[in-house]
Amino acid sequence: MRNKVNLIFENITITAVAAEGKALAKVNDMVLFVAFAAPGDVVDVEVFRKKKSFMEGRIVKFHTYSPLRETPFCEHFGVCGGCKWQHLVYSEQLIQKQQQVCDHLERIGKLKLPTVQAILGSTHTQYYRNKLEYTFAPKRWLSMAEIAADTELSAEDRAGLGFHLPGMFDKVLDITHCYLQASPSNEIRLAIKAFVLEQGYSFYDVRENRGFLRNMIIRNTTTLEFMLILIVSEDDEEKIKNILDFVSAKFPQITSLQYVINAKLNDSITDLEVVLYKGTPYITETMPTYTKNGEPATSSLLFRIGPKSFYQTNSEQAYKLYSLALDFADLQGNEIVYDLYTGTGTIANFIAPHVQKVIGIEYVPQAIEDAFENAKINGIYNTVFYAGDMAKVLTPDFVKRNSKPNLVITDPPRDGMHASVVEQLIKMCPEKIVYISCNSATQARDLALLCQDGLYAIDKLRAVDMFPHTHHVESVVSLKRV
């Protein structure tokens with residue numbers, strides 16, 4: 001060890017992958033977290049943060065490269081916070097994700113696990129997302145080389161259209177090419193940026209709260225439909241028309257062209273009107289119908305996705321995820337099913353042809369409208385949907401009016417289920433619960449409550465990778481009443 005401004009530890013062997021996409025090593029019995037490292041790397045690490053029980057550092061020199069490494073494919077790797085595991089071979093990513101789920105359930109939930117099925121990997125590890133949001137910024141993030149060059153840049157050269165850097169609300173990385181969404185996503189973004197700069201339109205400064213262009217959202221489907229939502233700060237009809245006419249002419253494959261006026265101090269558009277400029281107010285996704293034992297589907301379901309609709313951002317993996325949930329449910333055809341956190345009714349309508357009735361509950365009223373519409377266009381008539389706070393809707397009186405469920409499928413947000421929802425599940429005591437989670441830590445907490453006093457036991461468990469090259473993973477757990 002030698003001292004500079006920060007500590008430098010030499011010849012450190014990285015031993016494991018840790019939370020939030022970092023890796024770890026042990027130095028003098030203290031945990032050292034290192035970004036962009038792989039198990040088996042031997043490196044020199046500069047420590048930039050030191051606490052009582054752990055340190056954080058960055059690699060300043062490699063002595064030995066791990067055999068688990070591969071060359072990142074994106075030029076923005078290491079700066080953009082989106083794909084932190086590009087340097088790990090995909091097979092290792094899957095191992096680490098499955099281990100993460102098991103660790104959370106065993107260590108946080110203190111749960112006894114059955115034989116764990118192998119994680120379901122993603123068919124595609126690039127261009128798999130169906131939604132991306134970009135931010136306009138008058139002063140983009142500068143590289144170290146640009147800062148060192150100390151060259152005065154024009155306003156046009158400083159402008160950026162890309163992603164926020166992790167934890168920095170006012171720092172935007174200008175994106176040249178993103179490997180997350182299929183063409184023409186990149187082409188649309190670059191063309192719009194070039195056009196608005198040529199027109200002299202201002203980019204929104206989040207610190208000064210001024211500027212015209214704020215955000216843009218691109219959504220697409222496997223049916224090759226595209227939606228573009230442009231978010232601006234003021235209702236300047238001439239500028240909006242100029243931009244959207246340009247986009248419409250250059251990219252005729254955009255089937256839904258919309259815009260939002262956002263004069264607020266935050267970027268959320270959930271409470272704002274979305275104005276349809278051209279095309280349809282939605283795009284349509286298809287999903288094969290469910291079949292047991294992985295048999296080929298003979299038909300497909302249609303799902304209309306509006307500008308604010310939630311839909312799993314990896315469409316192909318969504319089918320695997322929902323099929324797995326239904327496999328775990330072991331349907332007999334006569335079940336009454338509660339689908340909690342139903343969103344736009346994707347799971348409810350997916351399972352409906354195979355059960356007696358589905359009752360879906362969701363917080364967002366507009367999502368429930370989409371759920372009813374999706375049921376209608378698919379000719380599904382055994383679903384019913386309710387909007388409201390889950391903790392307030394799911395009451396004993398609600399259960400009495402809608403019949404007690406044999407099966408509950410729950411797919412809550414990252415924070416997991418409210419304690420009162422867990423309590424009501426225990427009171428309802430359905431025969432089976434299938435819990436889908438994007439955060440196995442909060443899932444472990446909820447499962448521990450459901451399994452206390454020996455009421456339920458984990459019957460099946462499997463992880464599903466929805467987001468290659470990230471540390472995020474979905475976990476599907478089946479609970480069986482003891």
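**Note on the predicted model**

1. Proline 184 sits in the loop between S10 and helix H4 (185-199), where helices (H or I, at least four residues) and strands (E, at least two) are DSSP runs numbered from the N terminus. The peptide bond that joins serine 183 to proline 184 is cis, with omega at about 10°. Most peptide bonds are trans, and most residues other than glycine have a negative phi. This is a predicted model, in which local features need pLDDT of at least 70 and side-chain atom pairs count only at pLDDT 80 or more, while totals for chains, interfaces and linings use all residues. Residues are numbered from 1 along each chain as its sequence is written, and side-chain values use heavy atoms, with hydrogens and water left out.

2. Two further backbone points concern phi. Tyrosine 127, in the loop between helix H1 (90-108) and S8, has a phi near 55°, a positive value in a residue other than glycine. Tyrosine 127 is partly exposed because its relative accessible area is 34%; buried means under 20% relative accessible area, exposed over 50%, and partly exposed in between, with a 1.4 Å probe and protein chains only. Leucine 224, in the loop between strand S11 (213-220) and strand S12 (226-232), also has a positive phi, near 70°, and at 67% relative accessibility leucine 224 counts as exposed.

3. As to the overall fold, the protein chain has 12 helices and 23 strands, and of its 482 residues 51% count as buried. Its radius of gyration is 24 Å, which agrees with the value near 23 Å that a compact globule of 482 residues would have; the radius is taken over C-alpha atoms, and the globule rule is 2.2 Å times the number of residues to the power 0.38. Along the principal axes, the C-alpha trace spans about 70 × 65 × 40 Å.

4. A search of the whole structure finds 16 aromatic pairs, a pair being rings of Phe, Tyr and Trp (its six-membered ring) with centres within 6.5 Å, counted as stacked if the planes are under 30 degrees apart, edge-to-face if over 60 and tilted for the rest. Tyrosine 134 and phenylalanine 163 are stacked, because their ring centres lie 5.0 Å apart and their planes meet at 20°. This pair links distant parts of the chain, with tyrosine 134 in strand S8 (residues 131-137) and phenylalanine 163 in strand S9 (residues 160-164), 29 residues apart. Both tyrosine 134 and phenylalanine 163 are buried. The charged end of arginine 189 sits over the ring of tyrosine 134, 4.9 Å from its centre, the criterion being NZ of Lys or CZ of Arg within 6 Å of the ring centre and within 35 degrees of the ring normal.

5. What geometry do the rings of tyrosine 386 and phenylalanine 398 adopt? They form an edge-to-face pair, with 4.9 Å from centre to centre and 80° between the planes. Tyrosine 386 belongs to strand S19 (residues 383-387) and phenylalanine 398 to helix H10 (residues 396-402), 12 residues apart. Tyrosine 386 counts as partly exposed at 26% relative accessibility, whereas phenylalanine 398 is buried, with a relative accessible area of 2%. Elsewhere, ring pairs link Tyr290, Tyr319, Tyr322 and Phe350 into a cluster.

6. One cavity of 30 Å³ or more is found in a search of the whole structure. On a 1 Å grid over the protein atoms alone, a cavity is a set of points where a 1.4 Å probe fits but cannot get out, a pocket is an open set with protein on both sides within 12 Å along at least five of seven lines, and lining residues have an atom within 4 Å of a point. The largest cavity holds about 120 Å³ of space, and of the 14 residues that line it, Cys74, His76, Cys80, Cys83 and Gln86 are the closest to its centre.

7. The second largest pocket holds about 1,000 Å³ of space; a volume is the space filled by probe spheres set on grid points, which are joined across faces, edges and corners. Among the 35 residues lining the second largest pocket, Phe36, Gly78, Val79, Cys80 and Leu165 lie nearest its centre. S7 gives the largest share of this lining, five residues.
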